[in-house]
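Thanks for coming, everyone. I have one structure to walk through this morning. Please look at the screen.

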Amino acid sequence: MTASMPDPLHTPAPDPLRDPWTAAMRRALDEAALAPGTGDVPVGAVVLSADGTVLGTGRNEREATGDPTAHAEVLAIREAARAVGAWRLTGCTLVVTLEPCTMCAGAIVLSRLDRVVYGAADEKAGAAGSLWDVVRDRRLNHRPEVITDVLATPCADLLTTFFRSR
């Protein structure tokens, strides 16, 4: 791949001064910062409508609820679906502090989100390009756009601080 050709697997984040996702990622970071209070890994998520309205938020709550599916993304998607009154979230964007895992990637595809924006890559379990690329698998009937590295450093730092304290 030449320097002038974009990477087809990842769309880098736009210029931070003009990035439409920064404010939403800051909100996701605020959600993530609350998770350690219940012993949960600090991951936060926000679902935005096409006009930028927040439809749902979530943070990891597996430890708090004892629910293995209580990932930030799943909780934000559920809340957004309730707000819209339908399971199809066409036109919506999920903004999340950590690259989604395979379960969350499946939820993203099945809810028909147009786009997923994430901060920190997850080399061990990421399913939006790092370890797997579930969200853009050509065999699936829906493939959202993926935007990476939005506020990646603060997203990663929150996780690093949490795991160092364990």
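A word on the ground rules. This is a predicted model, where local features need pLDDT of at least 70, side-chain atom pairs count only at pLDDT 80 or more, and totals for chains, interfaces and linings use all residues. Residues are numbered from 1 along each chain as its sequence is written, and side-chain values use heavy atoms, with hydrogens and water left out.

First, the layout. The protein has five helices and six strands. Both are DSSP runs, numbered from the N terminus: helices are H or I with at least four residues, strands are E with at least two. Along the sequence the pattern reads β-α-β-β-α-α-β-α-β-β-α.

Of the 166 residues, 44% are buried. Buried means under 20% relative accessible area, exposed means over 50%, and partly exposed is in between, with a 1.4 Å probe and protein chains only. The exposed surface comes to about 8,700 Å², and carbon and sulfur atoms supply 54% of it. Those areas come from the Shrake-Rupley method with a 1.4 Å probe; for residues, only the protein chains shown count as cover.

Now contacts, meaning heavy atoms within 4.5 Å. Take contacts between residues at least 6 apart in sequence: 59% of them join residues at least 24 apart.

Next, helix H3. H3 covers residues 72-84. It has 13 residues and reaches 18 Å from first C-alpha to last, close to the 18 Å expected at 1.5 Å a residue. The expected span is 1.5 Å times one less than the number of residues.

Which residues of H3 are buried? Ala72, Glu73, Val74, Leu75, Ala76, Ile77, Ala80 and Ala81. Their cover includes strands E2 (44-48), E3 (54-59) and E4 (93-98), plus helix H4 (102-110). Just after H3, Gly85 takes a positive phi of about 85°.

Glu79 is partly exposed, at 33% relative accessible area. Beyond its neighbours within four places in sequence, Glu79 is in contact with Leu55, Gly56 and Thr57. Thr57 is 22 residues away along the chain, yet the two C-alpha atoms are separated by 6.9 Å.

On to charge. Side chains of opposite charge can pair when their charged atoms come close. Here, a salt bridge is a side-chain nitrogen of Lys or Arg within 4 Å of a carboxyl oxygen of Asp or Glu. The structure holds four salt bridges. I will show some of them.

Start with Glu31 and Arg59, which meet at 2.9 Å, N to O. This pair links distant parts of the chain: Glu31 sits in helix H1 (residues 22-34), Arg59 in strand E3, 28 residues apart. Glu31 is buried at 14% relative accessible area. Arg59 counts as partly exposed at 26%.

Then Arg136 and Asp133, at 3.2 Å, N to O. Arg136 counts as buried, because its relative accessibility is 17%.

Arg139 bridges to Asp137, with the closest N and O atoms 2.5 Å apart. Arg139 counts as exposed, at 73% relative accessibility.

Asp122 is in the loop between strand E5 (115-120) and strand E6 (145-148). Leaving aside neighbours within four places in sequence, Asp122 is in contact with Leu98, Glu99 and Ser130.

Another aspartate, Asp19, is in the loop between strand E1 (11-12) and H1. Asp19 is buried, at 10% relative accessible area. Its C-alpha is 8.5 Å from that of Val150, 131 residues apart along the chain.

Last, the rings. There is one aromatic pair in the structure. Phe162 and Phe163 form it, edge-to-face, at 5.1 Å centre to centre and 80° between the planes. The rule: rings of Phe, Tyr and Trp (its six-membered ring) pair if their centres lie within 6.5 Å; planes under 30 degrees apart count as stacked, over 60 as edge-to-face, and the rest as tilted. Phe162 is buried, at 8% relative accessible area, whereas Phe163 is partly exposed, at 47%.
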